[in-house]
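Please open the structure in your viewer and keep the selection tool at hand. The tour goes from stop to stop, and each stop says what to select and what is there.

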Amino acid sequence: VKCFLWNKALSLFSNYTFIDLLVACGKMTKQRVNTLEATSASDGKQKYKMRTISRAPGQNFSFMILFFGAGVLLGGTWSRLSLLMNPNCATFPNARHDGSAQTADHEKEMAVQEKSTESAAMAVDETAEKSSLRGYSGTGAFPIAWLMSFPNSGTSYTGHLVMRSTGQNTASNYGGEGMGNDGVSLPVNKESPEGPYWVHPDVEHLVRPKSGYLLTKTHCGGYCNEEPHVCSPHWYIMNERMFSHHCLSGENVTIHANGTQSMIPVTYSKDLVARAVHLIRDPFDNIVSRFHLAYKHLVSSNGTETIDNMYPRSREGFRAFCKDMGERHYLEEESSMFYVAVFEIVKNVPCHADFFRYIQWHNLAFATTWDLGIPTMVINYENYTNNFDETKERLLNFLDQEARYEPPPFEDGKTYREYFNEDEIRAVSAMFSQLAIGKTWDHTKHYFPQ
């Protein structure tokens, strides 16, 4: 009740202003707080144990008043990132980007948040649809279904699965990924040259879909893919408005009159988005796979021999890479208010910043699809291994597409849990329990020891 009243009080003053930051104070209203405490064992290694701290209500009252006053006075253009990264009071926003109240009442919001799913690995969020688009009927703009993924979590295979099973093209925000024979990006909708764009538009054995929802790849933002070695917190920490903008953005490859090719940043209308497929992979496997991607980028710039000597594709190479990245941004992370609840817990976890980005990404993805009011299907990567046929069938049904051909075989990805020790796994679990919103935790908690 206190959390609900606190958020409602904030909404009276906030149009995504500094006062959104005060949702973090909601943590102070809790009378008992679970924390992971580091202790030194006789062998010199750090151990972690859960501890419950009791607080008196008046202990934090002065801080609440101080922060509340600061928020009212300072204003600004902060969004709900503090809410998303401090989820103890709420799991979803209760105000629109334009500052107006949601039309749904609190009971409806809670019903959406608490809606049970069919399994921990895959679910369809049947939130009320605000979009009027209901599958393609042959006229107007083709409605798209985002294929949303934190990079290296099954994006390529999911796109190939739909393409090969249906014999139809998919789409992407990134026009350079499947250009036509003329070397330029081909927009899906003539009315929207800003994208999205057809993938492999001139491949003969593929046809353009004439109904349903067009699967469209987007990685949104906040993941620091290509240059992790220069990715400091001020580059990847973002609010929901920035994140959703990135979800709608991409590149258009065009050829100028002088024959030169260029890639132009573009952003299309959110009105084209009617559904979303949200991919989730085991965070430990996902983060190590991202190291492999970073390895490829580093090799392309520095040569294989140089990078193999520094960061070989092994447990040792991964940990060496993570150590260098952690030292590079240590001071900035330590001083960041967004790390304040977890930095001491995870500072020694390899690539802990990527775990932060993973949590933030999924928090913002769930918040974005909720805010758009679009049905969302969550697919956990391991479902392709554990229940392939049902996963494929549900995905195609969700897209209103028909399977006509044999799907491509799925090769189980490697698991990398052994790259981390038990203390590090427990520390990451504590990080998730502190930072993940309800939806993110519901779909990732089975990756951690209970």
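Select Cys 220 and Cys 247 and look at the bond between their sulfur atoms: the torsion about this S-S bond is about 110°, so the disulfide is right-handed. A disulfide here is a pair of cysteine sulfur atoms within 2.5 Å, and in this pair the S to S distance is 2.0 Å. In general, a disulfide is a covalent bond between the sulfur atoms of two cysteines.

The model is a predicted one: local features need pLDDT of at least 70, side-chain atom pairs count only at pLDDT 80 or more, and totals for chains, interfaces and linings use all residues. Residues are numbered from 1 along each chain as its sequence is written, and side-chain values use heavy atoms, with hydrogens and water left out.

Cys 220 is in the loop between β7 and α6 (233-236), and Cys 247 is in helix α7 (residues 240-247), so the pair links distant parts of the chain, 27 residues apart. Helices (H or I, at least four residues) and strands (E, at least two) are DSSP runs, numbered from the N terminus. Cys 220 counts as buried because its relative accessibility is 4%, and Cys 247 is buried at 0%. Buried means under 20% relative accessible area, exposed over 50%, and partly exposed in between (1.4 Å probe, protein chains only).

How many disulfides does a search of the whole structure find? It finds two. For the other link, select Cys 322 and Cys 351, which are joined with S to S at 2.1 Å. This link is left-handed, with -90° about the S-S bond. Cys 322 lies in helix α10 (residues 315-328) and Cys 351 in the loop between α12 (343-346) and α13, so the pair ties together parts that are 29 residues apart in sequence. Both Cys 322 and Cys 351 are buried.

Next, select strand β4, residues 144-149. Six of its six residues are buried. Ile 144, Trp 146 and Met 148 point one way, while Ala 145, Leu 147 and Ser 149 point the other way. In a regular strand the side chains alternate between the two faces of the sheet.

Strands pair if DSSP finds at least two bridges between them. Five bridges join β4 to the parallel strand β7 (residues 214-218), where Leu 214 is the bridge partner of Ile 144. Strand β10 (residues 273-280) also pairs with β4 in the parallel sense, over six bridges, and there Ala 276 is the bridge partner of Trp 146.

Turn to the rings. The structure holds 23 aromatic pairs. Rings of Phe, Tyr and Trp (its six-membered ring) pair if their centres lie within 6.5 Å; planes under 30 degrees apart count as stacked, over 60 as edge-to-face and the rest as tilted. Select Phe 150 and Trp 361, an edge-to-face pair with 6.2 Å centre to centre and 65° between the planes. Phe 150 lies in the loop between β4 and α5 (155-166) and Trp 361 in helix α13 (residues 352-372), so the pair ties together parts that are 211 residues apart in sequence. Phe 150 and Trp 361 are both buried.

For the last stop, select Arg 281 and Tyr 381. The charged end of Arg 281 sits over the ring of Tyr 381, 4.5 Å from its centre. This term requires NZ of Lys or CZ of Arg within 6 Å of the ring centre and within 35 degrees of the ring normal.
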